[in-house]
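Student: I'm new to this structure and would like a close look at a single part of it. Could you pick one residue, walk me through its surroundings, and then widen the view?

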Amino acid sequence: MFAQQLLNGIVVGSVYSLFALGFTLVFGINHVLNLAHGAVFTLGAFAALYAITLLDLPLPVAALLAVLAGGLASVLLDLVCFRPLRNRQAPEFAAIVSSIGAGLILTSLAQQVSATQVMRFPFGTFPVVVWRVWGLRIQLLQLVIIGSVAVIVVALLLYLYRTELGRQVRAVAISGRTAQLLGINPAMVFAQVFFIAGALAGAAGVLIGLAFNSVHYVMGEPLLLRAFVVVVLGGMGSIGGAVTAGLLLGVVQSLSVAYASSGVADALIFGLLFLVLLVRPAGLFGSGVVAARVVRA
Amino acid sequence: MMNYLAAYRSLLDLVLINALLAFSQYVVLRAGVFSIATAGLASIGAYTAANAVVSWGWPAPLGLLSAMLLATAAALLIAVPLARLRGVFQAIATLAFVQLVLSVTQNATSLTGGALGMNGIPRWATTPILLGAVTVALYGLWRLGRSWIGRAFDTIRQDETVAVSLGIDVSRTHLLAFGLSGALAGLGGGLDAYHGYSITPDAFGFRLLVACLTFVVLGGRVSPWGPLIGAAILTVLPEVARPFRDYALLVHGALLILTITYLPDGVADTIGRRIRDRRLRRPGLAHAAPVA
């Protein structure tokens with residue numbers, strides 16, 4: 001029972017990590033809290049579902065399509081919501097409000113398209129293969145989820161720390177102006193970061209949609225709320241922190257749901273978030289110092 | 001004419017309740033605190049008010065008073081630790097507070113009726129009472145805005161370092177803003193409970209939080225007319241434009257983006273500034289005092 005819940009927690013937690021990675025990336029580099037990230041996640045799940053049900057595409061192609069859709073939607077988000085504010089050097093409050101607006105628009109569209117219904121992937125989209133190892137029930141889907149998250153995270157780390165483009169991204173994260181003096185175009189970097197964040201959200205959408213076999217228009221909201229917990233626990237903008245905290249959150253949640261109730265799980269998680277913010281705002285895994293950028297109007 | 005008014009009376013009531021919640025959000029934003037706790041505080045107010053009448057048999061006015069007191073106490077309680085945080089971190093912490101309240105109200109079944117909520121709350125908050133509450137709140141906020149407190153709020157919002165150098169006690173002012181926000185949210189939530197016959201935990205979740213924020217962003221963050229105008233526009237709009245009703249959220253979202261991008265001060269403050277500029281340009285009035 002315990003080992004089974006641990007496994008389930010790690011599977012869900014790895015998807016939380018994937019989702020929160022994009023969120024924390026955008027925060028670390030653009031210093032923007034993108035509250036529309038949950039809606040991009042929903043969009044990814046929708047794209048994959050419709051690609052399979054309406055276009056009869058195989059799952060890998062549909063997943064790729066979802067990743068692309070998430071990435072493009074996220075870039076569009078940057079162009080419409082954040083770039084005008086960035087050019088005006090508006091306070092961070094403005095960007096948050098704008099992203100809430102974008103999230104509402106996307107969620108509302110998803111609601112109209114799906115007619116407020118909970119949709120499922122058709123039977124046989126993913127082969128149901130189950131192994132029993134020492135009384136543990138392991139599904140092929142679970143392994144695929146953990147595997148694809150691991151591959152994506154490694155690819156992201158390689159991109160950020162081993163390529164020229166990644167170097168540019170990190171330079172802009174430290175100081176946009178200095179990076180510009182060195183001949184880096186911040187607009188391109190921002191577009192890249194938003195594309196990656198959206199693509200990660202889209203991938204997370206497909207994986208969560210498959211794992212629970214349920215796709216509906218508000219599925220992004222609980223994930224967004226959990227992403228807050230993940231990025232605060234892991235430290236805003238920290239990649240390793242987001243991965244660790246995501247796994248931790250998944251395990252804590254799945255154990256407390258199993259041994260108590262889902263209500264207790266929520267209270268525990270958000271109580272933890274509140275506590276960590278008060279005691280250690282830089283996060284459990286972040287450095288001891290946090291730059292509180294207070295910009296107001 | 002009277003029939004026409006009667007038909008829209010429930011809409012007016014809704015505008016008034018929303019305006020109170022918008023006031024609660026407005027107070028903290030004006031003081032430069034990015035708290036989005038209003039939904040959670042309103043939930044505390046609503047459940048206190050409902051329990052006072054339904055479970056404990058108190059008279060409604062007493063229930064309303066206790067709703068305000070409890071919500072204020074809750075706001076002050078979270079304000080003390082929140083004084084350490086700024087900006088985005090304040091927003092996330094208060095969001096966590098709203099979620100905490102939501103999960104407590106969903107699970108403390110004996111006190112809140114769980115996910116089904118509480119029913120059979122007698123309607124006490126009639127239109128005149130709501131109108132009275134909004135008028136008092138508006139007048140109070142207007143007077144407050146023109147006093148030293150309002151000036152302290154404005155200074156802290158614009159530049160905290162300057163505020164400190166001017167001898168303004170930032171944490172005490174923030175505490176005051178939080179307390180006021182709690183009282184107004186408690187009032188709004190309590191009146192909501194006494195108006196709608198029933199309350200559910202979900203009504204005080206993320207959706208309400210976004211709505212309150214939208215009211216203030218659209219209306220304006222400096223003049224107390226702002227939240228009232230914002231609440232009025234956003235409550236009436238989906239009703240008047242019936243075909244858009246299914247797309248109410250979409251309209252909300254588009255308005256948020258358009259307002260923050262092209263009208264960052266909100267409707268009321270932009271109009272207020274226009275009027276003030278015109279008045280100042282008139283000869284002989286060059287030294288007219290600026291209007292808050």
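Predicted model: local features only at pLDDT ≥ 70, side-chain atom pairs only at ≥ 80, totals over all residues.

Tutor: N30(A) has a relative accessible area of 8%, and under 20% counts as buried, so N30(A) is buried. You'll find N30(A) in helix α1 of chain A, which covers residues 2-30. Leaving aside residues up to four places away in sequence, N30(A) touches L25(A), D78(A), R86(A), F190(A) and F194(A). Then there's A95(A): 65 residues from N30(A) in sequence, but 10 Å from N30(A) in space, going C-alpha to C-alpha.

Now for a pair of helices in chain A. Helix α5 (residues 140-162) packs with helix α8 (residues 186-212) at an angle of about 170°, and their axes are 10 Å apart. Angles over 145 degrees count as roughly antiparallel, so that's how α5(A) and α8(A) run relative to each other. On the α5(A) side, the contact is made by L141(A), I145(A), S148(A), V149(A), I152(A), L156(A) and Y159(A). From α8(A) come Q192(A), I196(A), L200(A), A203(A), L207(A), L210(A) and A211(A). Sort the residues of this contact by type and you get twelve nonpolar, two polar and no charged.

Finally, step back to the two chains. Chain B brings 43 residues to their contact and chain A brings 42. Together they bury about 4,000 Å², with 76% of that on carbon and sulfur atoms. F89(B), I92(B) and I257(B) supply 15% of the area chain B buries against chain A, more than any other three residues. As for salt bridges across this interface, the count is zero.

Definitions and conventions:
Residues numbered from 1 in each chain as written. Chains lettered and ligands numbered in written order. Heavy atoms only, no water. Axes fitted to C-alpha atoms, helices over the stretch in contact; angles between N-to-C directions. Helix = DSSP H or I, 4+ residues; strand = E, 2+ residues; numbered from the N terminus. Parallel < 35°, antiparallel > 145°, perpendicular 65-115°, else oblique. Contact = heavy atoms within 4.5 Å. Nonpolar A, V, L, I, M, F, W, Y, C, P; charged D, E, K, R; others polar. Buried < 20%, exposed > 50% of the residue type's maximum accessible area, 1.4 Å probe, protein only. Buried area = accessible area lost by both parts, 1.4 Å probe. Salt bridge = Lys/Arg side-chain N within 4 Å of Asp/Glu carboxyl O.
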